[in-house]
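Biologist: Could you take a close look at one part of this model, the stretch where its helices meet, and go through the contacts, charges and rings there?

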Amino acid sequence: LYGITHNPPNAHAQRILILVSRVMQKFANETLPSAKTEALQKMDQFVADNIPILHTMYVGITNYNPSEEDLQGGAALNLPAGCYENSNVWLHNCLLRNRNKMSATTLESIGPHILPNEISKR
(Lines give C-alpha, C1' and ligand atoms only; values in the text may rest on other atoms or scores of the structure.)
Protein backbone atom coordinates (compact mmCIF):
# COMPACT_ATOMS: atom_id res chain seq x y z
CA LEU A 1 0.00 0.00 0.00
CA TYR A 2 2.15 2.84 -1.34
CA GLY A 3 5.12 1.79 0.76
CA ILE A 4 3.23 2.38 4.01
CA THR A 5 2.54 -1.27 4.78
CA HIS A 6 3.19 -4.63 3.20
CA ASN A 7 -0.28 -5.97 4.00
CA PRO A 8 -3.71 -4.56 3.18
CA PRO A 9 -5.23 -2.59 6.07
CA ASN A 10 -7.89 -4.27 8.19
CA ALA A 11 -11.50 -3.11 7.82
CA HIS A 12 -11.27 -0.52 10.61
CA ALA A 13 -8.00 0.98 9.31
CA GLN A 14 -9.41 1.03 5.79
CA ARG A 15 -12.46 2.97 7.01
CA ILE A 16 -10.24 5.48 8.82
CA LEU A 17 -8.06 5.94 5.71
CA ILE A 18 -11.17 6.56 3.60
CA LEU A 19 -12.45 9.16 6.07
CA VAL A 20 -9.07 10.90 6.20
CA SER A 21 -8.93 11.00 2.40
CA ARG A 22 -12.46 12.47 2.27
CA VAL A 23 -11.54 15.22 4.72
CA MET A 24 -8.37 16.01 2.74
CA GLN A 25 -10.36 16.18 -0.51
CA LYS A 26 -13.01 18.40 1.07
CA PHE A 27 -10.27 20.61 2.48
CA ALA A 28 -8.65 20.95 -0.95
CA ASN A 29 -12.06 21.77 -2.48
CA GLU A 30 -12.85 24.17 0.37
CA THR A 31 -16.12 22.43 1.16
CA LEU A 32 -17.34 21.20 4.51
CA PRO A 33 -16.79 17.47 5.11
CA SER A 34 -20.29 17.00 6.56
CA ALA A 35 -21.97 18.17 3.34
CA LYS A 36 -22.31 14.54 2.16
CA THR A 37 -21.03 12.58 5.16
CA GLU A 38 -22.71 13.63 8.40
CA ALA A 39 -20.24 11.53 10.43
CA LEU A 40 -17.54 14.06 9.46
CA GLN A 41 -19.34 17.05 11.02
CA LYS A 42 -16.65 17.33 13.71
CA MET A 43 -14.12 18.10 10.93
CA ASP A 44 -16.08 21.08 9.56
CA GLN A 45 -14.48 23.50 12.03
CA PHE A 46 -10.99 22.20 11.23
CA VAL A 47 -11.54 22.84 7.51
CA ALA A 48 -13.08 26.27 8.12
CA ASP A 49 -10.28 27.32 10.49
CA ASN A 50 -7.49 26.21 8.16
CA ILE A 51 -8.65 27.52 4.77
CA PRO A 52 -6.63 30.76 5.26
CA ILE A 53 -3.52 28.61 5.85
CA LEU A 54 -4.33 26.65 2.70
CA HIS A 55 -4.58 29.93 0.75
CA THR A 56 -1.22 31.04 2.14
CA MET A 57 0.31 27.77 0.95
CA TYR A 58 -1.22 28.22 -2.53
CA VAL A 59 0.17 31.76 -2.75
CA GLY A 60 3.61 30.52 -1.70
CA ILE A 61 3.56 27.79 -4.33
CA THR A 62 2.24 29.92 -7.17
CA ASN A 63 4.50 32.88 -6.44
CA TYR A 64 7.67 30.83 -6.12
CA ASN A 65 10.12 32.44 -8.52
CA PRO A 66 13.73 31.30 -8.05
CA SER A 67 16.55 33.36 -9.47
CA GLU A 68 18.42 32.15 -12.53
CA GLU A 69 21.46 31.63 -10.28
CA ASP A 70 19.41 29.37 -7.99
CA LEU A 71 18.16 27.37 -10.95
CA GLN A 72 21.65 26.89 -12.38
CA GLY A 73 23.20 26.03 -9.03
CA GLY A 74 20.44 23.65 -8.00
CA ALA A 75 19.88 25.60 -4.78
CA ALA A 76 16.31 26.56 -5.60
CA LEU A 77 14.78 23.48 -4.03
CA ASN A 78 15.69 21.74 -0.84
CA LEU A 79 14.63 18.18 -1.70
CA PRO A 80 14.61 15.24 0.68
CA ALA A 81 17.15 12.51 -0.03
CA GLY A 82 16.14 10.40 -3.00
CA CYS A 83 13.38 12.75 -4.17
CA TYR A 84 15.36 14.13 -7.11
CA GLU A 85 16.35 10.67 -8.28
CA ASN A 86 12.81 9.34 -7.86
CA SER A 87 11.37 12.21 -9.89
CA ASN A 88 13.89 11.62 -12.66
CA VAL A 89 13.06 7.92 -12.75
CA TRP A 90 9.34 8.75 -12.88
CA LEU A 91 9.88 11.23 -15.73
CA HIS A 92 12.04 8.75 -17.62
CA ASN A 93 9.43 6.00 -17.27
CA CYS A 94 6.66 8.38 -18.32
CA LEU A 95 8.59 9.34 -21.45
CA LEU A 96 9.18 5.67 -22.27
CA ARG A 97 5.52 4.76 -21.80
CA ASN A 98 4.37 7.64 -24.00
CA ARG A 99 7.10 7.61 -26.65
CA ASN A 100 4.68 6.38 -29.32
CA LYS A 101 2.58 9.52 -28.81
CA MET A 102 5.54 11.88 -29.28
CA SER A 103 6.55 13.39 -32.56
CA ALA A 104 9.90 12.54 -34.15
CA THR A 105 11.04 16.12 -33.49
CA THR A 106 10.25 15.77 -29.78
CA LEU A 107 12.08 12.46 -29.59
CA GLU A 108 15.12 13.94 -31.31
CA SER A 109 15.15 16.87 -28.87
CA ILE A 110 15.07 14.44 -25.93
CA GLY A 111 18.01 12.60 -27.38
CA PRO A 112 19.31 9.04 -27.28
CA HIS A 113 21.00 9.52 -23.90
CA ILE A 114 17.55 9.62 -22.27
CA LEU A 115 15.62 7.20 -24.47
CA PRO A 116 18.27 4.86 -25.84
CA ASN A 117 17.43 3.15 -29.13
CA GLU A 118 13.94 4.58 -29.10
CA ILE A 119 14.57 7.28 -31.69
CA SER A 120 15.93 4.81 -34.20
CA LYS A 121 12.93 2.48 -33.73
CA ARG A 122 10.45 5.07 -34.99
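Modeller: Contact here means heavy atoms within 4.5 Å. This is a predicted model, in which local features need pLDDT of at least 70 and side-chain atom pairs count only at pLDDT 80 or more, while totals for chains, interfaces and linings use all residues. Residues are numbered from 1 along each chain as its sequence is written, and side-chain values use heavy atoms, with hydrogens and water left out.

I would begin with K26, which belongs to helix α1, spanning residues 11-29 (helices are DSSP runs of H or I, at least four residues, numbered from the N terminus). Once its neighbours within four places in sequence are set aside, K26 is in contact with T31, L32, P33 and K36. K26 is buried (under 20% relative accessible area, with exposed over 50% and partly exposed in between, 1.4 Å probe, protein chains only), yet it has no salt bridge (a side-chain nitrogen of Lys or Arg within 4 Å of a carboxyl oxygen of Asp or Glu). The nearest side chain of opposite charge to K26 is that of D44, 8.6 Å away (Lys and Arg count as positive, Asp and Glu as negative; His and the chain ends are not counted).

D44, for its part, is placed in helix α2, and this residue too is buried without a salt bridge, with K26 as its nearest side chain of opposite charge.

Turning to the rings, the structure holds one aromatic pair (ring centres of Phe, Tyr or the six-membered ring of Trp within 6.5 Å; planes under 30 degrees apart are stacked, over 60 edge-to-face, the rest tilted). The ring centres of F27 and F46 are 5.9 Å apart and their planes stand at 45°, so this pair is tilted. Because F27 lies in helix α1 and F46 in helix α2, residues 44-62, the pair ties together parts that are 19 residues apart in sequence. F46 counts as partly exposed, at 39% relative accessibility.

With neighbours within four places left aside, L54 is in contact with F27, A28 and E30, and its relative accessible area of 7% makes L54 buried. By contrast, M24, which also lies in helix α1, counts as exposed at 56% relative accessibility.

How values were computed: Helices (H or I, at least four residues) and strands (E, at least two) are DSSP runs, numbered from the N terminus.
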